[in-house]
Every structure is written in structure tokens, then in C-alpha cells.
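Please open the structure in your viewer and follow the stops below in order.

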Amino acid sequence: MTRALVLAAVLALASCDLLGSDAGRQEALQEARRRWAAQGSADYTLTVRRSCFCGQEAIGPALLRVAGGDVVSRIYTETGDPVPEAWARLFPDVEGLFDVVEDAIERNADRIDVTYDPRFGYPSEVFIDYEERVADEELGLTVLGFTPGS
């Protein structure tokens, strides 16, 4: 198998939570960050949808435009309205998605499922259950669209 296929297999296992240890999760995260650094872009658009027990304004989806590594706009895709500053942190850019995953690992969340984009490395699907015995604190983030160089 080529190195790329081996890496894809390892990341697939990590995304299925078969590498459920913090060390395995951290390794998969670091490899994905390296891939993002090598393949990613400081300019891109990203559409993010949250899954949570919260209001529609916290779910989105929201389209982010990133230029030079900075988010220059966040708009709700369904209405075209800007995401209010108070809600902006709920719709992270790629670096923010990595930070969400890292935070869950550091907090020793009971369940962390992550799928990393095979080409660019960004977390394309994230599900976190911080405490299994607590209701309604789970968080899901899904990248619905990504366009580099936008």
C-alpha cells in the first residue's frame, strides 16, 4: 500500500473512534493539522452546520469567507443575514474546528468522532459527547462545503 492509502486507513479508523485513546486521537489530529498546513489555504470559503440542542441561530448553516487566515464574513446561508458577533464563535473556521477537537481531547470527552478531509485535512465531521450521562450537551459540526482560494 502507498503511504497515502495507509494514512487514509489510519484516519478512517480514527474517525470511527477505533483509535479511541487520547494518544490515538491526538496523533490523528496532529497528522490532519500537518496536512492542512501543507495543502490548505489562507483564503477559502467554508460552510458549517452545527447539530446541538439549541436555537436555529446557533445551528446555521453559516458560510464563512476567510482571507489571509482571518474570517472576513459569516452569513447564514438560508437567510443571507450576517451571523451576529455574539454567535460568531459557534461557526469556527478550519483552525477553530481543529481547536474544538483538541479541546474535546483535552477535556477527555466521553465520545469524540472525527472525520478528516482526505485531501486538505480539516475536520469535515465532528461529533462530541462531553459527558455520556448528561443530556443535551452533545455537539456536532459538519462542513457542508469547502472551496480553497476563495
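Select Asp113, which is buried at a relative accessible area of 13% (buried means under 20%, exposed over 50%, partly exposed in between; 1.4 Å probe, protein chains only). Its side chain forms a salt bridge with that of Arg111, 2.6 Å from N to O (a side-chain nitrogen of Lys or Arg within 4 Å of a carboxyl oxygen of Asp or Glu). Arg111 is partly exposed at 42% relative accessibility.

The model is predicted: local features need pLDDT of at least 70, side-chain atom pairs count only at pLDDT 80 or more, and totals for chains, interfaces and linings use all residues. Residues are numbered from 1 along each chain as its sequence is written, and side-chain values use heavy atoms, with hydrogens and water left out.

**Stop two: α2 against α4**

Select residues 22-39, helix α2, and residues 94-106, helix α4; they pack at about 170 degrees with axes 10 Å apart. Helices are DSSP runs of H or I of at least four residues, numbered from the N terminus. Axes are lines fitted to C-alpha atoms over the stretch in contact, and angles run from 0 to 180 degrees between N-to-C directions. The two helices, α2 and α4, are therefore roughly antiparallel (over 145 degrees).

Next, select Glu95 and Arg33, whose side chains form a salt bridge at 3.5 Å, N to O. This pair joins α4 to α2 across 62 residues. Arg33 is buried at 18% relative accessibility, while Glu95 is partly exposed at 37%.

Key: Parallel < 35°, antiparallel > 145°, perpendicular 65-115°, else oblique.
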